[in-house]
Amino acid sequence: MHLPEYFLLFAAMGLVTYVPRWLPLLYLAHRRLPQWLIDWLSLIPVAILSALLAPILLTHAEPRTLDITQPELLVAVPTFLIAWKTKSLGGTVIAGMLFYWLAGLLL
Amino acid sequence: MKNDNPQYQPVQDTSLQDKVRKGFGAAWPICLGYFPIGLALGVLAQQAEIPVWAVGMMSILVFAGSAQFICVAMLASGASVTSIILTTFVVNLRHALMSSALAVHLQGVNRWFLSVFAYGITDESFAVNMTRFNNDDWSRWSALSVNHLANTVWIISTITGTVIGQFIPQGAFGIDYALSAMFICLLVYQLHSMFFVATACIAAAIAVAWYLLIPGDSYIVGASMSAATIGFLIKRRTRGSHASS
């Protein structure tokens, strides 16, 4: 592939990525949102975070299987406790990396 | 609830600078997590013989980690352009949900700002910004700074990965766990009450089952929308509020 083909491909990919990020924001930011929608949307962050995280911790990719013995889950326990106790994002990230690194050395 | 007036933006350089600095302060865990992923993407792109300028162009035009990985893999396997574009669309559709949730905190903000902001909505920036919007007085300029610093680091790390990625040892210092640890902490921040804990548990259970049973990435949108709806219904029923509200 050459420059024009790459450009057209990435521009099209960019467009289909941008529009779903842009339209709801543009539309909903200028509407009076009903209370039920605000209440429902307030649960979206916790639900998305959990939905992103759970398969990383609890499953094995390719082939997709349930695996509750992997270091990702083991390391998540102390990382969760650090987050809970310190409420520090930076501290949790550093601690999580450290635990994961140690788990890699020990296991 | 705060409300930035879109018509009269205060022209106070110092305060805007402070807001940007605050944003940068919040963005560094994302950057730390993006770096190894960006490097890995660059390495794969280099193996697929995609030139470095094309990798940079892709990171600027698309800015979506998982879709870019899929694109590189599909290019390497000779997939058609149409199928790559369609896959990108489906994989990134989840951001429509995040965009909707962010709209609650960007009410009445002018459309130019929203159009620039929308470009930087990713799983990671969404999670960081939503937490901040909920917990403290978080300015939209700080939020925009988070998006753009993360974007800059992403572009640089993908290009770096293409050029020198194969010389960097894999998994050094547990850096591969940076984003997972960040998600764990942001999840903890979100556990405001029993309803949020219940929603998190339901989302985790549905996501794992969905992930195992259905190929692709639909589990993210499917599990989060179902769990939010169940959590919402539990909350409404427990409060005994009138369904007519």
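**Note on a predicted two-chain model**

1. In helix α5 of chain A, the buried residues are Leu89(A), Thr92(A), Val93(A), Ala95(A), Gly96(A), Met97(A), Phe99(A) and Tyr100(A). The model is a predicted one. Helix α5 covers residues 89-106, 18 residues in number. From first C-alpha to last, α5 of chain A reaches 25 Å, close to the 26 Å expected at 1.5 Å a residue.

2. Two of those buried residues, Gly96(A) and Met97(A), come up again on the other chain. Tyr177(B) touches Gly96(A) and Met97(A), along with Val75(A) and Tyr100(A), when residues up to four places away in sequence are not counted. Tyr177(B) sits in the loop between α8 (140-164) and α9 of chain B. Is Tyr177(B) buried or exposed? Tyr177(B) is buried, because 29 other C-beta atoms lie within 10 Å, and 20 or more are needed for that label. Gly161(B) is 16 residues from Tyr177(B) in sequence, and their C-alpha atoms are 18 Å apart in space.

3. Chain A as a whole has 5 helices and 2 strands. Along the sequence they follow the pattern α-α-α-β-β-α-α. The C-alpha trace of chain A spans about 50 × 50 × 30 Å along its principal axes. A compact globule of 107 residues would have a radius of gyration near 13 Å, but the value for chain A is 20 Å. Buried residues come to 42% of the 107 residues in chain A. Among contacts in chain A with a separation of 6 or more, 26% are between residues 24 or more positions apart.

4. Along its principal axes, the C-alpha trace of chain B spans about 60 × 50 × 40 Å. Of the 245 residues of chain B, 51% count as buried. Taking contacts in chain B between residues at least 6 apart in sequence, 80% join residues at least 24 apart.

5. Chain B is divided into domain 1 (15-177) and domain 2 (191-245). The C-alpha centres of these two domains of chain B lie 26 Å apart. How many residues of domain 1 of chain B are in contact with domain 2 of chain B? There are 5, and they meet 5 residues of domain 2. By class, the side of domain 1 that touches domain 2 has 3 nonpolar, 1 polar and 1 charged residues.

6. The contact between the chains takes 76 residues from chain B and 61 residues from chain A. On the chain B side, helix α9 (residues 178-190) gives the most, with 11 residues. By class, the side of chain B that touches chain A has 57 nonpolar, 16 polar and 3 charged residues.

7. Ala76(A) is another residue in contact with chain B. Leaving aside neighbours within four places in sequence, Ala76(A) is in contact with Leu57(A) and Ile184(B). Ala76(A) is found in helix α4 (residues 71-86) of chain A. Ala76(A) is buried because 24 other C-beta atoms lie within 10 Å. Val46(A) is 30 residues from Ala76(A) along the chain, and their C-alpha atoms are separated by 17 Å.

8. Helix α11 of chain B (residues 218-239) has 22 residues. From first C-alpha to last, α11 of chain B reaches 32 Å, close to the 32 Å expected at 1.5 Å a residue. The buried residues of α11 of chain B are Tyr219(B), Ile220(B), Ala223(B), Ser224(B), Met225(B), Ala227(B), Ala228(B), Gly231(B), Phe232(B) and Lys235(B). Against which helices do they pack? In chain A these are α2 (35-42) and α3 (44-58), and in chain B they are α5 (94-103) and α10 (194-213).

9. Ala203(B) has contacts in both chains. Not counting residues up to four places away in sequence, Ala203(B) touches Ala47(A), Ser50(A) and Ala51(A) in chain A, and Ala223(B), Ser224(B) and Ala227(B) in chain B. Those three chain B residues, Ala223(B), Ser224(B) and Ala227(B), are among the buried residues of α11 of chain B.

10. The largest nonpolar core has 115 residues. Which of them touch the most other members? They are Met13(A), Ala51(A), Met182(B), Phe183(B), Ala203(B) and Ala207(B). This core draws at least three residues from each of domain 1 (15-177) and domain 2 (191-245) of chain B.

Terms used:
Residues are numbered from 1 along each chain as its sequence is written. Chains are lettered from A and ligands numbered from 1 in the order in which they are written. This is a predicted model: local features need pLDDT of at least 70, side-chain atom pairs count only at pLDDT 80 or more; totals for chains, interfaces and linings use all residues. A nonpolar core is a set of buried Ala, Val, Leu, Ile, Met, Phe, Trp, Tyr and Cys residues joined through C-beta atoms within 7 Å. A residue is buried if 20 or more other C-beta atoms lie within 10 Å of its own, exposed if 12 or fewer, and partly exposed in between; C-beta atoms are placed from the backbone. Domain bounds come from an automatic or database domain assignment. Two residues are in contact if their C-beta atoms, placed from the backbone, lie within 7 Å. Ala, Val, Leu, Ile, Met, Phe, Trp, Tyr, Cys and Pro count as nonpolar, Asp, Glu, Lys and Arg as charged, and the others, Gly among them, as polar. Helices (H or I, at least four residues) and strands (E, at least two) are DSSP runs, numbered from the N terminus. The expected span of a helix is 1.5 Å times one less than its number of residues. The radius of gyration is taken over C-alpha atoms; the globule rule is 2.2 Å times the number of residues to the power 0.38.
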